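Hi,

As promised, I am handing over the two-chain structure for you to look at. Please open it first, and then read on for what turned up.

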Amino acid sequence: MQVTPHSPKRRALVSGLARLGIWVGAGTLSLLRPLWAVVWNQAAFETMKIDAAIQAAGIRQAQLSDDILINAPEIAENGAQVPIDVTSRIPGTEHIYIFADKNVQPYVADFVIGKGLEPYVATRIKMGETSPLRVYVLAGGRYFYATREVQVTIGGCAS
Amino acid sequence: MPEPIRIKVRLDGDVADVRALISHPMETGLRKDPANGQAIALHFIKTVMITHNGVVVMEAQWAQAMSRNPYLNVRVRNANPGDEIEISWVDNRGESNAAKAKVPARA
């Protein structure tokens with residue numbers, strides 16, 4: 001095949017190879033590591049009012065539930081390291097969301113719970129001041145929540 | 001180069017208790033450098049993933065309100081000795097890190 005530098009054939013060949021390259025690249029990447037399904041929800045994380053942040057996170061019509069167990073200290077001396085653990089007894093728990101109402105940006109985290117994981121997560125978060133902690137759970141297409149008040153002695157958002 | 005992630009795994013029945021300690025400053029962007037009074041730039045982990053033998057069991061998206069050097073404890077189902085648990089993260093600067101641990105014999 002005669003292929004001169006600017007012939008339509010060459011252009012077709014080059015773009016074909018480029019496309020092939022993209023597919024090969026994507027294929028190799030997905031073999032190396034599973035593709036990320038979570039897309040960081042910038043609008044929700046940057047929202048500064050609790051109600052708007054909850055809405056921006058996609059949470060709708062949540063019901064209060066006794067089957068979300070929040071473990072957190074009543075008094076946290078250091079707001080920079082507040083331990084929290086959450087257990088959901090709601091069957092089919094797919095997400096556990098954590099919000100701290102009075103943080104400058106209240107949306108703290110969203111944990112997507114796969115079938116291979118118990119509906120439990122323990123971590124440490126920063127709290128700017130005394131505030132309710134609010135945990136939402138998505139299960140079977142419905143949202144549930146529970147809250148827990150934490151008194152913060154020294155705020156942790158500037159640290 | 002980010003510092004390593006420390007992972008501890010304990011097998012209890014068929015559930016692997018996974019504890020991870022990630023080295024990361026998790027800067028909120030609100031803190032000032034005491035030396036010069038300049039604001040320290042926002043620097044935090046945005047997404048985290050945990051896999052069990054290559055299968056995703058958890059993904060998370062985080063704000064800068066997760067504590068410095070984040071601690072994470074989860075429980076992986078259907079685990080057996082020798083299984084591989086991998087934890088990885090990506091931060092707002094596009095830096096990333098990953099670490100693997102083997103599930104030990106039953107406690």
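**What was found**

Along the sequence, chain A follows the pattern α-α-α-β-β-β-β-β-β-β-β-β. That gives three helices and nine strands for chain A. Please keep in mind that this is a predicted model.

Chain A has 159 residues, and 40% of them count as buried. If you take the contacts in chain A between residues at least 6 apart in sequence, 65% join residues at least 24 apart.

**How the chains meet**

Between them, chain A and chain B bury about 3,300 Å², with 56% of it on carbon and sulfur atoms. The contact draws 38 residues from chain A and 35 residues from chain B. On the chain B side, Glu59(B), Gln61(B) and Arg77(B) supply 22% of the area that this chain buries against chain A, more than any other three residues.

**A sheet with strands from both chains**

An open sheet of six strands runs in the order S2(A)-S4(A)-S7(A)-S5(B)-S2(B)-S1(B), and its pairing is antiparallel. Strand S2 (68-71) of chain A and strand S1 (5-12) of chain B each have a single partner strand, so these two stand at the edges with one side left without a neighbour in the sheet. From one strand to the next, the twist averages 15°.

Starting from the chain A end, S2(A) pairs with strand S4 (residues 82-88) of chain A over four bridges, in the antiparallel sense. Within that pairing, Ile70(A) stands opposite Val86(A).

The step from one chain to the other is made by strand S7 (residues 120-125) of chain A and S5(B), which run antiparallel and are joined by two bridges. Here Ala122(A) has Asn73(B) as its bridge partner. On the chain B side, S5(B) also pairs with S2(B), over six bridges and again in the antiparallel sense. In this case Leu72(B) in S5(B) is the bridge partner of Ala20(B).

Is strand S5 (residues 71-76) of chain B covered or open? Mostly covered: five of its six residues are buried.

The charged end of Arg75(B) sits over the ring of Tyr120(A), 3.8 Å from its centre. In the other direction between the chains, Arg124(A) places its charged end over the ring of Tyr71(B), 4.6 Å from the centre of that ring.

**Aromatic pairs**

How many aromatic pairs does a search of the whole structure find? Over all chains, there are eight. The rings of Trp40(A) and Phe44(B) have their planes at 55° and their centres 5.6 Å apart, so this pair is tilted. It crosses between chains: Trp40(A) lies in the loop between helix H1 (8-32) and helix H2 (42-45) of chain A, and Phe44(B) in the loop between strand S2 (15-22) and strand S3 (45-52) of chain B. Trp40(A) counts as buried at 15% relative accessibility, and Phe44(B) counts as buried at 2%.

A second pair lies within chain A. The rings of Phe99(A) and Tyr136(A) have their centres 5.7 Å apart and their planes at 85°, so the pair is edge-to-face. This pair links distant parts of the chain, with Phe99(A) in strand S5 (residues 93-100) and Tyr136(A) in strand S8 (residues 131-139) of chain A, 37 residues apart. Phe99(A) is buried at 0% relative accessibility, and Tyr136(A) is buried at 5%.

**One residue to look at: Glu118(A)**

Glu118(A) is found in the loop between strand S6 (107-113) and S7 of chain A. With a relative accessible area of 25%, Glu118(A) is partly exposed. Leaving aside residues up to four places away in sequence, Glu118(A) touches Ile113(A), Val15(B), Arg75(B) and Arg77(B). Arg75(B) is the residue whose charged end sits over the ring of Tyr120(A), and Arg77(B) is one of the three that supply 22% of the area chain B buries against chain A. The C-alpha atoms of Glu118(A) and Met48(A) are separated by 31 Å, and the two residues are 70 apart along the chain.

How values were computed
Residues numbered from 1 in each chain as written. Chains lettered and ligands numbered in written order. Predicted model: local features only at pLDDT ≥ 70, side-chain atom pairs only at ≥ 80, totals over all residues. Heavy atoms only, no water. Pairing = 2+ DSSP bridges. Axes fitted to C-alpha atoms, helices over the stretch in contact; angles between N-to-C directions. Phe/Tyr/Trp six-rings, centres within 6.5 Å; stacked < 30°, edge-to-face > 60°. Buried < 20%, exposed > 50% of the residue type's maximum accessible area, 1.4 Å probe, protein only. Lys NZ or Arg CZ within 6 Å of the ring centre and 35° of its normal. Contact = heavy atoms within 4.5 Å. Buried area = accessible area lost by both parts, 1.4 Å probe.
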